[in-house]
Amino acid sequence: MLRSLQIEPEKCTGCLQCEMACSYEAEGVFNPSKSRIKIFTFHEEGRFVPYTCTQCSEAWCMHACPVEAIVINKATGAKEVIDDICVGCKVCTIACPFGTVNYNQDTGTVYKCDLCGGDPECAKACPTQAITYVDSDHGGLERMRAHAAKNLPQDSAQT
Amino acid sequence: MSWTRNVLRVNLSNGSITHEPLNMQWANDYLGQRGLATKYLVEEIDPKCDALSPENKMIMTTGPLTGTMASTAGRYSVVTKSPLTGAIACSNSGGYFGNEMKNAGWDMIILEGKSPTPVYLYIENDKAELIPADDLWGKSAWETDELIHSKHQDPMLRIAVVGRAAEKGCLFSAIVNDLHRAAGRSGVGTVMASKNVKAVVLRGTKGVGGISDPAKFFKATEDGKKVLAENAVTGEGLPALGTQVLMNVINEVGALPTHNHREVQFDGASKISGEAMLEVRASDGKANLTTNGACFGCTIACQRISTVDKNHFTVKDKPQYQGNSGGLEFENAWSLGTDCGVDDLDAVTFANFLCNEDAVDPISLGATIAAAMELFEEGAITVKETGGMELKFGSAEALVWATEVTVKGEGFGLDLGMGSKRLCEKYGRPEFSMTVKGQEFPAYDPRGIQGIGLAYATSNRGACHLRGYTVASEILGIPEKTDPLVTEGKAALVKAFQDATAVVDSAGICVFTTFAWTLEDIAPQIDAACEGDWSAERCLEVGERIWNMEREFNLAAGLTAMDDTLPKRLLKDIAAKTGPAKGRVNDLGQMLPEYYQLRGWTPEGVPTDETRMRLGL
């Protein structure tokens with residue numbers, strides 16, 4: 001079963017534990033500036049929104065890469081960057097409509113979320129379950145359940 | 001190691017910027033942040049210097065856990081000599097600035113001297129430069145933040161900044177980072193402005209590493225997070241209601257100072273409480289509180305993010321104040337609300353926004369306005385001074401007006417900006433000033449909570465709840481319940497809280513963790529991150545060493561045991577009129593001698609040679 005990162009912004013507090021966990025897994029240091037997942041603060045609106053790669057099926061980044069440095073991990077569905085092949089041309093960063101693949105000036109290659117090989121650290125680190133790792137086919141399950149619960153009689157409604 | 005071991009020294013007088021290694025001997029003795037930066041300050045300045053002269057220095061400092069995955073580990077402190085108290089100042093802030101400083105590679109940034117013209121300090125990892133800030137001088141903290149972001153075209157900059165109040169000499173100016181987190185107390189922002197520094201701007205991309213034992217560290221920090229999540233205060237109360245969970249509680253126990261401490265209970269408390277912030281407004285269908293939020297790394301998330309009702313008189317024609325911003329914490333709701341007798345939640349929220357916008361300590365501001373209101377009601381201040389404003393208790397208009405003129409440094413606001421002690425002296429009624437060592441009280445009345453009176457009287461930075469929060473024990477029963485109306489045992493309680501807090505403030509984590517954590521939870525996290533053995537016992541000894549070092553700085557600055565006292569109003573003149581403490585004053589005299597003795601100080605409050613030797617001072 002493929003799983004996907006599920007993000008529920010209304011639960012996010014902006015603590016950045018996910019950014020630390022992500023960068024520690026990828027870089028061996030706590031370094032939010034190198035995190036594959038980013039938390040955006042919308043001050044006026046009073047909202048925090050996590051954002052990262054959604055692992056498109058027909059991934060723009062993968063198709064755009066001229067040297068085939070971005071490949072599918074069949075076990076996880078993640079589109080992974082092969083550092084040794086990447087030439088740092090940045091075409092993928094232009095092709096990605098969501099901005100979730102980025103260039104790293106220290107290494108001269110690009111980097112993106114690889115789902116940590118199937119055990120994403122961001123989801124484990126999130127203290128409020130704003131980021132979870134769920135069945136790809138049923139990402140809407142909890143939302144459906146919440147709407148379904150509205151049909152219950154008032155006094156027994158549980159959401 | 002989890003220190004970066006690097007110190008950035010900026011001489012503002014001649015513009016030189018140098019790098020130097022951290023003194024690791026001192027790091028072993030004082031841990032980091034509050035303790036370690038105070039050690040640097042003590043070694044480098046004359047305690048008798050004028051706090052606003054170039055001789056004073058200002059240190060921004062992180063702890064060894066800052067920037068790591070330990071919960072709440074995003075803190076930094078500002079250490080300097082306070083212009084408000086003449087004593088040591090150490091103000092702690094959250095947000096994302098401390099983490100960024102650590103990521104840029106710095107344990108400490110030392111600002112010394114005075115720039116001939118306004119500047120801001122721009123730091124990008126190893127690179128640091130002073131950039132002219134003439135165009136930013138005269139701008140609010142919020143405007144400055146926006147202008148610097150847009151000038152550098154970099155939304156990821158983290159900025160700590162002073163507002164207009166600091167430029168005009170307001171003695172309780174703060175340093176605000178990330179728009180609404182503040183190194184709030186004792187006028188650290190005033191010192192920064194006196195050096196002609198408008199902002200410190202950070203961009204750090206190096207990462208925080210060097211964890212001594214990663215496996216142990218992740219285990220210890222995971223365990224810690226679990227304790228926080230399962231605790232009723234840190235896992236439920238603080239995320240839901242913030243520190244405002246306390247407004248109704250403290251009112252009920254009769255320890256909520258009201259009308260400049262003339263009363264200990266406030267009829268309007270529930271209207272400005274954490275619960276009130278959740279109530280849906282009739283006008284726009286929204287509650288005051290939009291959501292809670294977290295500082296960097298924090299798994300508690302007690303921040304309030306709020307709006308003012310768009311139809312309220314304070315923001316009606318001002319769209320720039322109609323969005324979300326940092327909402328009310330208990331201390332601010334108390335000082336701007338309760339102490340001034342104002343129960344208008346929107347007015348108090350708006351006044352708090354203004355304090356953030358221009359980086360002013362809302363505790364000192366509210367308490368000073370409350371003193372001014374009493375001066376006005378007693379006729380010592382008249383409409384002549386206020387330009388026609390009726391500065392009366394309970395008036396939301398007066399509160400907002402007084403806040404506006406103070407944060408902008410205009411007219412009577414310059415008088416208010418001196419703080420309650422100097423204001424009351426100027427207008428001939430010094431007994432109206434509710435301060436210790438010149439710093440205004442926070443939100444707990446020493447008549448209803450006896451131990452906190454001793455904590456205020458002996459706090460090294462003047463009246464403060466964050467130097468020994470015995471309220472935890474006396475009201476909330478953490479770690480165990482003591483009777484708030486009893487003085488017996490409070491000397492030992494105060495000492496224990498003071499020493500433990502000094503360690504927490506030196507580690508890079510938030511003191512709110514101690515609602516759930518003891519040093520037995522904290523020491524393993526420090527131990528795993530740092531080299532050497534950091535047991536709870538060693539941590540406590542470091543805390544005691546820090547406390548005594550701060551004390552010695554104050555003594556050398558000219559303070560004496562005479563300054564370890566409370567205003568007469570609380571000791572003698574006005575007993576609690578209502579509530580469980582009715583008829584009580586604070587019995588400081590029953591606690592202070594024992595406290596000196598437990599500390600190993602002489603009856604004059606001076607550390608004995610034996611104590612100094614024991615602590616290696």
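Contact here means that heavy atoms lie within 4.5 Å. The model is predicted, and local features need pLDDT of at least 70, side-chain atom pairs count only at pLDDT 80 or more, and totals for chains, interfaces and linings use all residues. Residues are numbered from 1 along each chain as its sequence is written, chains are lettered from A and ligands numbered from 1 in the order in which they are written, and side-chain values use heavy atoms, with hydrogens and water left out.

**A residue of chain A**

Leaving aside neighbours within four places in sequence, Gln55(A) is in contact with Gly77(A), Ala78(A), Lys79(A), Lys112(A), Cys113(A), Asp114(A) and Leu115(A). Gln55(A) sits in the loop between strand 3 (47-51) and helix 2 (60-64) of chain A, where helices (H or I, at least four residues) and strands (E, at least two) are DSSP runs numbered from the N terminus. With 12% relative accessibility, Gln55(A) counts as buried, a class that means under 20% relative accessible area, while exposed means over 50% and partly exposed lies in between (1.4 Å probe, protein chains only). The side chain of Gln55(A) also reaches the backbone oxygen of Cys113(A) at 3.1 Å.

**Where the chains meet**

Between the two chains, 38 residues of chain B are in contact with 23 residues of chain A. The area buried between chain B and chain A is about 2,200 Å², of which carbon and sulfur atoms give 59%; buried area is the accessible area (1.4 Å probe) that two parts lose on being put together, summed over both. In chain B, Met69(B), Tyr96(B) and Asn324(B) lose the most area to chain A, together 23% of what that side buries.

**The core of the fold**

A nonpolar core is a set of buried Ala, Val, Leu, Ile, Met, Phe, Trp, Tyr and Cys residues joined through side-chain atoms within 4.5 Å. Of the 176 residues in the largest such core, Tyr444(B) and Ile526(B) touch the most other members, and helix 12 (residues 362-377) of chain B gives the most to this core, with nine residues. Not counting residues up to four places away in sequence, the residues that Tyr444(B) touches include Leu246(B), Phe330(B), Tyr456(B) and His465(B).

In helix 8 (residues 232-241) of chain B, the buried residues are Thr234(B), Gly237(B), Leu238(B), Pro239(B) and Leu241(B), and they pack against helix 7, strand 13 and strand 14 (303-306) of chain B. Helix 8 of chain B is followed by Gly242(B), whose phi is positive, near 65°.

**Salt bridges**

Over all chains the count comes to 51 salt bridges, and three of them are listed here.

| Pair | N to O distance |
|---|---|
| Lys421(B) and Glu425(B) | 3.8 Å |
| Asp564(B) and Lys437(B) | 3.0 Å |
| Lys572(B) and Asp573(B) | 3.9 Å |

Lys421(B) and Glu425(B) are four residues apart in helix 16 (residues 420-426) of chain B, so about one helical turn separates them. Both Asp564(B) and Lys437(B) are buried, whereas Lys572(B) is exposed, with a relative accessible area of 59%, and Asp573(B) is partly exposed, at 47%. A network of salt bridges links Arg9(B), Glu20(B), Glu44(B), Lys57(B) and Glu112(B).

Methods
Polar contact = N/O pair within 3.5 Å; in protein donor to acceptor, adjacent residues only side chain to side chain. Salt bridge = Lys/Arg side-chain N within 4 Å of Asp/Glu carboxyl O.
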